[in-house]
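Please review the model shown below. The briefing that follows is grouped by topic.

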Amino acid sequence: MAKFIVRRIILLVLTMVLVSMAVFLITEASPGNVARNVLGAFVTPEQEASFLAQMGLDKPVWQRYLHWFIGSDWQARNKVGMPLRRIVTEKDFVEWWALRDDDKLVRWKLAGDDLIVMVRNPDGTVVREKDNDRWVTDDRGVSTFWGLDNENHAVMWEKGSDRKVWTFIMGSGWKESSGGPVEYIPLKKGFIRGDPGVSLRTGRPVSKSIFVRLRNSLVLAGIAFVIVMPLALFLGLLAGLKEGSLRDRALSVGGMTFSVIPEFATGIFLILIVAVWWDLVPGATVFGEKAPWERLDMLILPVLTLTLIELGYVLRITRASMVEVMRSPYIRTAYLKGLPYWRIVFKHAIRNALMAPITVIMLHVNWLMGGIVIVEVVFGYPGLGKYLLDSALNKDINALEAGAMILVIVAVGTQLVADIIYTFLNPRIRYN
Amino acid sequence: MKEKTRIHPTIYDLKSALANGKLSRREFLRYATLLGMSAAAASQMIGLTWPQKLWAATPKRGGVLKISQQVQKIDHPARYSWLMPSNTMRMVFEYMTLTDRDNITHPYLCEKWSASDDLKTWTFNVRKGIKFNNGDTFTADDCIFTITEWLNKDVKSSLLGLVGSYLEPTGIEKVNDYQFKLNLKRPEIAIPEHFFQYTAQVVNHRTFEGDMKKKPHGTGPYLLDTYNEGEIAIVKARKDYWQKGGDGKPLPYMDEIRFIDMGGELAPQIAALKSGEIDLIDASDNPGPQVMMAVKKDAHINVMPVATATTRVMRMRVDMKPWSDNNVRMALKLCQNREKILALAYQGEGLEGQDFHVYPKHPEYCEMPVPAYAPDKAKALLAKAGYPKGIDVNLAVGSEWTDIVRYAEVLKQDALPAGIRINIQTMPTSQYWEKWTEVDLGVTPWTHRPLGTMVPNLAYIADDQGKPVPWNESRWVDKEFTTLLDEASGTLDVDKRRKIFCKLQKIQSERGSIGIAYWMNTWMCANKRLKNVDSHPNLIFLFNEAWLEG
């Protein structure tokens with residue numbers, strides 16, 4: 001068993017690496033431009049270029065993947081020539097600083113031709129001084145300097161070069177000036193070191209948003225799961241006990257009716273009827289900074305929608321499985337042995353009949369995590385699915401990767417749980 | 001320029017223009033206030049009493065306003081690329097001027113301004129007695145710092161293009177702590193309006209370091225409490241705001257405003273508005289009739305309309321065939337059945353357009369008839385251009401702009417009798433923006449701007465080298481039009497200005513590159529418990545004196 005689990009975990013890591021590569025490549029190949037998505041269509045070419053450079057999106061794809069995976073601080077450290085530190089300020093902002101020889105945290109900025117160093121005191125105050133000695137001048141007379149700026153980039157500043165920086169000024173055309181930041185490396189620790197980076201769309205660290213979203217989805221999916229699965233299993237078994245009976249037909253047809261209506265339609269109908277016409281419960285979820293369980297009335301319609309969708313599906317799988325088991329020779333034998341009916345059903349039939357539904361249910365956990373996006377969008381529910389959808393539409397690669405990784409863990413994890421449950425249902429299954 | 005209280009000589013010209021009936025009272029107010037007179041003084045001058053705000057009830061204090069809005073990334077106010085974050089931070093940071101819903105500009109952080117006769121030197125008086133929320137005193141230094149930030153190329157503000165075209169950093173001159181002067185490269189009358197661009201929020205020069213979230217030290221009525229991108233933003237009332245309410249105590253009336261991110265889908269936001277879970281939807285970046293249509297019959301929602309210069313421009317690339325031939329362009333323009341298009345595309349909620357980018361509520365608008373639908377004439381023009389058998393064209397439209405899609409469909413139908421066979425190419429909106437300046441025929445949304453000269457200066461001219469400017473999506477450059485536009489941009493007298501605009505409008509409608517079929521209304525739809533607010537053409541939030549009932 002232990003060996004089996006270890007094997008599964010190795011498989012999980014492998015899957016994550018492959019999926020992360022696939023997500024990177026798919027995002028890369030998909031049409032659209034992050035800068036325009038984020039900044040709007042009326043962004044000037046100059047703003048666009050600057051955005052891409054500051055986000056590190058002007059680098060080749062393999063380098064961006066590497067930065068995402070193992071971080072960029074090691075590369076920046078070599079360029080800056082000082083150790084780099086990532087600190088979280090009192091107000092909860094993440095900041096990168098360089099550690100100077102005198103053990104002071106420093107960053108720089110350019111003011112005209114002067115390089116200004118900002119020295120951070122332990123109490124958080126910052127002292128500014130000129131630091132022009134750090135310029136490195138090459139034989140062409142061009143001065144460059146690699147340092148850290150205010151916005152968590154390693155930056156190469158340049159001055160006195162022949163290469164002019166062209167700035168477009170609306171109404172008067174292109175204007176040339178020399179110097180300024182010419183290259184950026186956005187600093188991050190990388191996914192395997194626990195830093196999924198900053199969302200390109202919102203500028204907020206992905207780790208801060210994604211777990212709240214994951215929690216919200218878990219709450220919604222969890223409540224739906226707890227209601228749907230026992231109900232569907234119970235009704236499915238009930239229907240499957242006697243194939244063709246009125247009870248069977250009513251449950252199967254009823255369940256199927258709701259599961260064939262797409263969830264966006266069910267959701268909208270429920271909003272219209274229950275929220276707008278009857279005015280019983282809210283038709284949208286507005287939590288603000290509250291947790292979903294503090295406004296349970298808002299969860300009623302999304303959970304009901306999910307229940308109606310899911311119920312019929314699992315019910316019919318369970319029913320089919322039950323029907324098959326009830327027809328099998330060993331059940332007939334049990335009857336002929338003269339065992340009581342309840343004992344045949346509970347002791348012999350149900351355990352075998354549950355094999356198929358467990359697989360389906362475990363696959364559905366996965367579906368519930370990422371796939372409830374439609375229900376989330378219809379009700380404005382701040383869940384993981386919606387977060388991923390928005391990220392995908394905006395090509396927000398850091399957020400998308402982090403979400404994909406969570407879904408991989410959930411998918412592989414639930415399969416593992418399903419495999420373990422099988423061993424209890426069917427003693428013949430052994431993982432050795 | 002010596003006397004600070006001097007009234008700009010043009011105001012007297014304006015007054016006589018008003019007396020002669022050449023200028024409406026609204027236009028007089030607009031121009032007089034632009035030249036530095038207070039709206040109240042200008043009203044007195046022409047014998048109007050400035051309308052005092054009338055409240056049906058005494059404002060109540062307290063309450064939490066809940067707004068659904070996408071809480072976006074912010075750092076530098078001059079770098080906003082959407083209106084929504086400016087609406088949040090508008091509660092914390094303020095502007096030097098304020099342009100109201102009728103395009104009249106009022107004093108705000110600057111209490112007074114005046115311009116030299118040649119319109120190249122502007123003097124601004126900064127209001128005294130204002131404190132930032134961290135206790136710092138607000139002075140001219142803050143205004144000057146803010147303006148230099150716009151002009152700093154490393155900040156990459158869109159204001160660099162706008163203000164930088166007439167002002168160099170060296171042209172800013174501090175007179176004393178409460179007065180500064182701008183010495184311009186060329187005459188400009190719209191400075192007070194530029195100071196109310198959504199990106200022009202004034203920051204504290206002592207503490208601002210490029211990220212307004214870290215040190216949100218503004219002069220506005222609220223304090224930034226929480227800003228979680230993608231989730232929620234909360235602002236809370238400060239106690240020592242400089243503006244006083246009707247009860248003599250400092251504004252604001254409301255205790256707190258919450259901006260809740262419900263995503264971009266409208267349906268859940270509308271449902272939340274209807275059920276009272278939120279009081280208002282921030283539609284500033286997505287104005288359209290959807291919300292209004294959904295709530296107009298709802299008894300507890302207040303629908304406030306306003307006519308705007310927001311429009312859909314059918315633009316034809318004049319450097320590509322067949323649109324290089326003006327006869328073909330004219331033929332397609334003649335195929336617009338404007339009344340029908342407005343009715344079917346936008347429920348009749350707007351004004352009909354006339355194929356020039358000036359709308360009837362711009363002060364310099366010169367009245368002209370709306371061109372009639374004339375397929376026969378169009379057919380004749382096509383024949384003249386060498387297409388006697390008609391012509392096949394592709395029309396690019398973004399599918400999420402549903403009114404544009406309907407516009408395209410009506411146009412397709414009505415252009416058929418003229419022999420123009422339109423193939424509508426719908427694409428996702430984001431994809432349209434990828435190539436909005438590249439397609440040969442497409443419909444592009446253009447947003448409201450308060451002055452008639454503003455859009456033509458962005459979209460229908462060339463730069464110094466004679467290359468069309470970046471937003472000149474149709475590449476149309478006309479020498480006579482450019483000269484006239486330059487002249488108009490430096491002309492204050494509305495009557496003269498309108499005379500120039502009569503020519504400008506005529507040129508653009510006769511040989512221009514665009515068809516404009518309609519101008520769109522917009523609406524602010526708020527829960528009726530939100531009092532003392534009105535809609536603005538840009539749907540920005542001016543909520544200093546807003547209050548909540550119950």
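In this predicted model, Leu251(A), Ser252(A), Gly255(A), Met256(A), Phe258(A) and Ser259(A) of H7(A) meet Leu308(A), Ile309(A), Leu311(A), Gly312(A), Tyr313(A), Leu315(A), Arg316(A) and Arg319(A) of H9(A). Two residues are in contact if their C-beta atoms, placed from the backbone, lie within 7 Å. Helices (H or I, at least four residues) and strands (E, at least two) are DSSP runs, numbered from the N terminus.

**Helix packing**
- The residues of this contact of H7(A) with H9(A) comprise eight nonpolar, four polar and two charged; Ala, Val, Leu, Ile, Met, Phe, Trp, Tyr, Cys and Pro count as nonpolar, Asp, Glu, Lys and Arg as charged, and the others, Gly among them, as polar.
- Helix H7 (residues 246-260) and helix H9 (residues 300-327) of chain A pack at about 140°, their axes 7 Å apart; axes are lines fitted to C-alpha atoms, for helices over the stretch in contact, and angles run from 0 to 180 degrees between N-to-C directions.
- That angle makes H7(A) oblique to H9(A) (under 35 degrees is roughly parallel, over 145 roughly antiparallel, 65 to 115 roughly perpendicular, and the rest oblique).

**Sheet**
- Five strands of chain A form an open sheet in the order S1-S2-S3-S4-S5, with antiparallel pairing; two strands pair if DSSP finds at least two bridges between them.
- Strand S1 (84-88) and strand S5 (126-130) of chain A stand at the edges with a single partner strand each, so one side of each has no neighbour in the sheet.
- Neighbouring strands of this sheet are turned by 45° against each other on average, direction ignored.
- S1(A) pairs with strand S2 (residues 94-99) of chain A in the antiparallel sense over five bridges, and Arg86(A) stands opposite Trp96(A) in S2(A).

**Contact between chains**
- Chain A and chain B each bring 46 residues to their contact.
- On the side of chain A that touches chain B, H3(A) provides the largest share, four residues.
- By class, that side of chain A has 18 nonpolar, 20 polar and eight charged residues.

**Confidence and conventions**
- Over residues 166-176 of chain A pLDDT stays under 50, and the model has 27 contacts beyond four places in sequence for them.
- Where pLDDT is low, the predicted coordinates should not be read in detail.
- Residues are numbered from 1 along each chain as its sequence is written, while chains are lettered from A and ligands numbered from 1 in the order in which they are written.
- Local features need pLDDT of at least 70 and side-chain atom pairs count only at pLDDT 80 or more, whereas totals for chains, interfaces and linings use all residues.

How values were computed: pLDDT is the predictor's confidence in each residue, from 0 to 100.
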